[in-house]
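Student: I am new to this structure and would like to go through it carefully. Could we look at it together, one question at a time?

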Amino acid sequence: MDVASSGAQPDVHTDQTPVIEALAEPGRVAALGETGLGAQADAEFDAVSEQVRDLLGVPVALVSLVDTEGQHFPGAVGLGEPWASCRGTPLSHSFCQHVVVSGEPLVVEDAREHPVLRYNEAIVDLGVVAYAGFPLTDGAGRPLGSLCAIDHVPRVWRREELAVLSALADGTSARLRLRISLRDAERERAQTAAAEARLVRALERSQLLLAVSEALTKAVDVDEVREVVAGVVSEAVGATHVHIDLEPVVDGPWPRQVALFADEAAIAAGFAPEVAAAHLARGLSALVRTPLHAAGEVIGALELGWPELPEAGPQHQVVLATLADYIGRAVERTRFLQQRITVAHQLQDAMLSPLPEVPGLAMAARYWPSSQTDHVGGDWYDAVLFDGGSGLAVTVGDITGHDLHAAAVMGQVRSMARQATWERPAGLPSAVVDAVERACAAVGPPATGSLVHCHLRPLPGGRWEVRWANAGHPPPFIRRADGTVEVLDQRDMMFGYPRLRPKGIDDHTAELAPGDVLLLHTDGLTDRRGLDSRVETAELAADLGAGGVDDLPALLDGLFARRVVLDDIDDDAVLVALRVDAPGAGVS
């Protein structure tokens, strides 16, 4: 914990000019005003002060807000008079000003021996000898005051006491930020109420604006924003031409303010000849271009056109401004969202390496990300040769979580599984799973989830042996050449809890003959919301038995399409298929 004490002095000055300048910073002054707090008691912050007094065992505790005139105590306990009544002191009596100026905690064991504070009048008038104060900040990190504990005698502050005071200061800062946010919300509500009053004679338009707002909140890309604008906005303003211009090189520079083209001559003069001709060919004789703002910048223009100039009263201007605000925010949000989704999917795709070519085996794999925009999960598959190429290890897993962190953990676990497989060429699949699980528990990442890890080795006569260990993962399937399907439902407890296992992970063995297919998958296909996973597993097995296996990619696509509606995938999904081919057959 970084604190200033009698052994490590804060950066304070005897000249008060820098202090006053720091206290008068406009953003800080505005934030102080937004708290609505001053030299009046506030029950919430008095309670905080009582907490400090009780937990630290001090006689005085203060929630202090500092401005250029002095310090005010919306929260206070233990002050003597007249300070308890006036709830404040001038700066001549303020230790807290130094916390605000430095932005750092100030911890003093005996202010009478401090090279600067010993001259502070609070020592005599308020009996401040030992002091510990932590900054109280607004949402921008600006110090507004301090939460302080005061003793009338010298005191060595213990680390545990300072930790408690720091935590309470964090909570108090959150309360101040909430006060500021609530006042902002009240101001926004007042502005909204005023806007609604101005739109009272345009009820239908306001309802359409609401419809636009609701529709835009569901848009996930710019094309969907355009569809909403084209379908709803034209009705809202009676325009026959509605266009979102996000490419200034096409339709001309973006306007910095609303630009009105009131007749055909203004359109011809205000646009490039080919653009003006296109507008006039649409039968337009009036156009408005309204800037679209996002993050304080113009990012495009909303272009509206009419066969004749409509009434341009205050209501109409409010509608246009509101539409432009909605659309600008929606474009900014969807661009950010698409960037996150793209980065997340690229990250996950980059970690799903190509399948190796193995004589005698045909392989295919598919990964489908969730359709939920905030779901990028930890599903993965991997296939790697080991033991000099005589063995093939195949893993399908699902790390707990549906975010970038889960995807990053998945990448680490996948790499660890590869390493463990390579280091144990003669080992069992369970040994690989156990090694990865213990490594995660010991050195990280702290991964949990499920996985099935398989080792395949060729046998005489074109057959293959498959050994596998299943740590809580959905069961694999073997589709025999005659179309029958076996569900390999032997599995142990979920991955990531080695200390809870009563015994080691079991290994299981089966043989694959030419024409047999081994199918592995994640729970995105069988554990969907509102459905019974046992029924879903049985139906997936039935679909596997009914499908053709000559074209493995087509098989996987068909299984997925029959199980999941493409625009409603609530979890990632992985499918991996391996087919044993007859000796000498080509690899597909």
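Tutor: The questions below concern a predicted model, and they take up a strand and its partners, a pocket and some aromatic pairs.

Student: How many of the 10 residues of strand β14 are buried?
Tutor: Strand β14 covers residues 449–458, and a residue is called buried when its relative accessible area is under 20%. Judged in that way the strand is mostly covered, and the number of buried residues is eight.

Student: Which residue of β14 is the bridge partner of Asp398?
Tutor: Strand β13, residues 391–399, is joined to β14 by eight bridges, and the two strands run antiparallel. Within β14, the bridge partner of Asp398 is Ser450.

Student: Which residue in the turn between β14 and β15 has a positive phi?
Tutor: Strand β15, residues 464–471, runs antiparallel to β14 and is joined to it by eight bridges, with Leu451 having Ala471 as its bridge partner in β15. The two strands form a hairpin with five residues between them. In that turn, the residue with a positive phi, of about 80°, is Gly461.

Student: Which element gives the most residues to the lining of the second largest pocket?
Tutor: The second largest pocket has a volume of about 250 Å³ and is lined by 15 residues, with Gly472, Pro474, Arg491, Asp523 and Asp527 lying nearest its centre. Both β14 and α16 (533–546) supply at least two residues of this lining. The element that gives the most, with three residues, is α16.

Student: How many residues of that pocket's lining are charged?
Tutor: The lining of the second largest pocket divides into three kinds of residue, of which three residues are nonpolar and seven are polar. The number of charged residues is five.

Student: Are the rings of Phe261 and Phe271 stacked, edge-to-face or tilted?
Tutor: The count of aromatic pairs comes to three. In the pair of Phe261 and Phe271, the ring centres are 4.8 Å apart and the planes stand at 45°. Planes under 30 degrees apart count as stacked and those over 60 as edge-to-face, so with planes at 45° this pair is tilted.

Student: What kind of pair do the rings of Trp368 and Phe560 form?
Tutor: This pair links distant parts of the chain, 192 residues apart, with Trp368 in strand β11 (residues 361–368) and Phe560 in helix α17 (residues 552–563). Trp368 is buried, with a relative accessible area of 14%, and Phe560 is buried too, with 2%. The ring centres are 3.8 Å apart and the planes are at 5°, so the pair is stacked.

Key. Residues numbered from 1 in each chain as written. Predicted model: local features only at pLDDT ≥ 70, side-chain atom pairs only at ≥ 80, totals over all residues. Heavy atoms only, no water. Buried < 20%, exposed > 50% of the residue type's maximum accessible area, 1.4 Å probe, protein only. Helix = DSSP H or I, 4+ residues; strand = E, 2+ residues; numbered from the N terminus. Pairing = 2+ DSSP bridges. 1 Å grid on protein atoms, 1.4 Å probe; cavity = no way out; pocket = protein on both sides within 12 Å on 5 of 7 lines; lining within 4 Å. Points joined across faces, edges and corners; volume = space filled by probe spheres on them. Nonpolar A, V, L, I, M, F, W, Y, C, P; charged D, E, K, R; others polar. Phe/Tyr/Trp six-rings, centres within 6.5 Å; stacked < 30°, edge-to-face > 60°.
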